[in-house]
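Reader: I am new to reading protein models. Could you walk me through this one?

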Amino acid sequence: MSLSEKIPKNPVLSCLSFGREGEPVPSILDAGEVRYLNRGSLAIAFALKHAGISSGDEVLIPAYHCLAMVEPVLWAGAQPVFFRIMGNTGLDLEDAERRLTGNCRVLIAPHYFGFPQDMLKAREFCDRHGLILMEDCAHAFFGGTAGHPLGSCGDYAIGSAWKFFPVDEGACVVSPRGRLGGSATKPMGFFSGIKSFLNTLEYAVKYRRLGWFNPVFRLAFRLKDGLWSMLKPKTAQNLPIKNENRGGSTGFDGNRVDLGMSRSSRMIMSASSKSRMSRNRRENYLKLLSRLGNLPGCRPLFGTLPEGVVPYVFPLVMENPEKVFPRLKEEGVPVIRFGEYLSEDMEKGLCRVSEDYSRRVFQFPCHQDLKPEELEWMMNKIEEALK
Ligand SMILES: Cc1ncc(COP(=O)(O)O)c(C=O)c1O
């Protein structure tokens with residue numbers, strides 16, 4: 001968590017998190033058998049391990065990626081094979097086909113920023129070539145296409161709970177084809193579980209979401225920090241991985257591949273109002289689109305918000321990224337670039353679109369817990385930075 005961010009980049013716990021449920025919202029959890037894990041990158045590793053991927057195998061990964069998608073593949077001992085994407089972020093499966101060798105075993109297909117890929121096409125491609133399809137729903141915990149929740153086309157699907165729910169850690173692997181039998185997760189240790197919950201509360205206190213309780217908790221956190229520094233050496237093996245944008249290094253730790261989600265995160269997840277999450281995210285996205293969509297100096301990556309899409313963030317393509325990015329950062333706007341650090345194993349020039357997007361696509365939060373005045377503040381700052 002960066003101290004300089006003036007508004008929360010991620011969802012924040014408050015009593016509003018548990019509002020009344022409305023219309024049911026399809027989610028990756030409806031897509032099949034579920035295992036709850038700690039992080040999305042570990043969930044990819046868990047699925048690769050379960051599928052028996054090892055050295056000598058190859059995994060197709062789109063050129064527009066983050067290192068959190070590549071590290072689990074390297075951890076499994078496999079070789080990433082990168083292929084192009086198109087300007088609309090669709091996977092270029094013809095390019096993937098050209099790069100196929102007899103060693104390719106898996107295709108990783110992400111729903112960028114929550115907008116669904118054409119998974120029927122990806123499914124057909126995988127069936128034709130005998131590949132395992134891993135649907136990467138790290139950006140798409142909710143939503144569906146043609147009456148099916150996202151995640152239902154893959155042999156495996158992975159989700160990243162902390163990007164959608166007000167929790168410090170949490171992810172899942174889902175198997176729509178019932179492949180997970182026999183694979184177990186390790187429960188998180190007692191102290192690590194408590195620490196995860198305290199991190200969640202601390203984030204809420206930082207953004208003043210706990211009303212009268214804020215000062216009390218602030219004091220409690222000072223005590224916690226002292227206590228934690230005393231306990232740390234004994235429990236370091238089983239810590240939750242911190243919820244941060246980790247730039248070039250993702251903090252991937254292969255010893256934690258089987259580590260489960262904390263009990264508190266599971267409870268918060270199941271009690272959170274999914275309809276509120278979906279409604280607020282869509283409303284915030286539409287507000288950002290209508291205010292920033294036609295500004296000179298940028299364009300929205302997705303100019304419409306189709307029915308059923310629950311966006312992860314609002315991606316905006318900048319004309320002058322090198323000028324605008326530091327300005328936004330200085331102002332404390334929580335902006336990040338997906339794929340800012342592309343794998344060094346990817347040949348330069350393999351996909352101009354991905355290289356361009358990794359510099360020019362800025363992602364801004366549109367999550368359910370942004371207050372109207374926070375959204376307004378962020379839109380003003382983006383307008384000023386573009387002038
Ligand atoms: C497309 C994609 N897949 C997987 C991951 C890994 O998820 P996590 O951050 O929960 O490890 C990320 C992380 O940002 C991601 O953007």
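Predicted model: local features only at pLDDT ≥ 70, side-chain atom pairs only at ≥ 80, totals over all residues.

Reader: Is V205 buried or exposed?

Author: V205 sits in helix α5, which covers residues 190-206. Its relative accessible area is 4%. Buried means under 20%, so V205 counts as buried.

Reader: Which residues does V205 touch, not counting those up to four places away in sequence?

Author: Start with a distance. V216 is 11 residues from V205 along the chain, and their C-alpha atoms are 9.6 Å apart. The residues that V205 touches, with that sequence limit, are L210, N214, F217, R218 and F221.

Reader: How does I194 count by accessibility: buried, partly exposed or exposed?

Author: I194 is also found in helix α5. Its relative accessibility is 36%.

Reader: How much accessible area does the nonpolar patch of F190, F191 and I194 have together?

Author: These three residues form the patch on the surface. Taken together, their accessible area is about 310 Å².

Reader: Which residues touch the most other members of the largest nonpolar core?

Author: This core has 120 residues. Leaving aside neighbours within four places in sequence, F113 has contacts that include Y64, H139, L301 and F338. The residues touching the most other core members are F113 and F364.

Reader: Which helix gives the most to this core, and where does the core lie?

Author: Helix α1, residues 40-50, gives the most, with seven residues. Domain 1 (23-175) and domain 2 (274-386) both give residues to the core, so the core lies between domain 1 and domain 2.

Methods: Residues numbered from 1 in each chain as written. Heavy atoms only, no water. Helix = DSSP H or I, 4+ residues; strand = E, 2+ residues; numbered from the N terminus. Buried < 20%, exposed > 50% of the residue type's maximum accessible area, 1.4 Å probe, protein only. Contact = heavy atoms within 4.5 Å. Core = buried A, V, L, I, M, F, W, Y, C linked by side-chain atoms within 4.5 Å. Domains from an automatic or database assignment. Patch = residues over 30% accessible without salt bridge, like charges linked within 9 Å, V, L, I, M, F, W, Y side chains within 5 Å. Areas by Shrake-Rupley, 256 points an atom, 1.4 Å probe, with all protein chains shown as cover. Salt bridge = Lys/Arg side-chain N within 4 Å of Asp/Glu carboxyl O.
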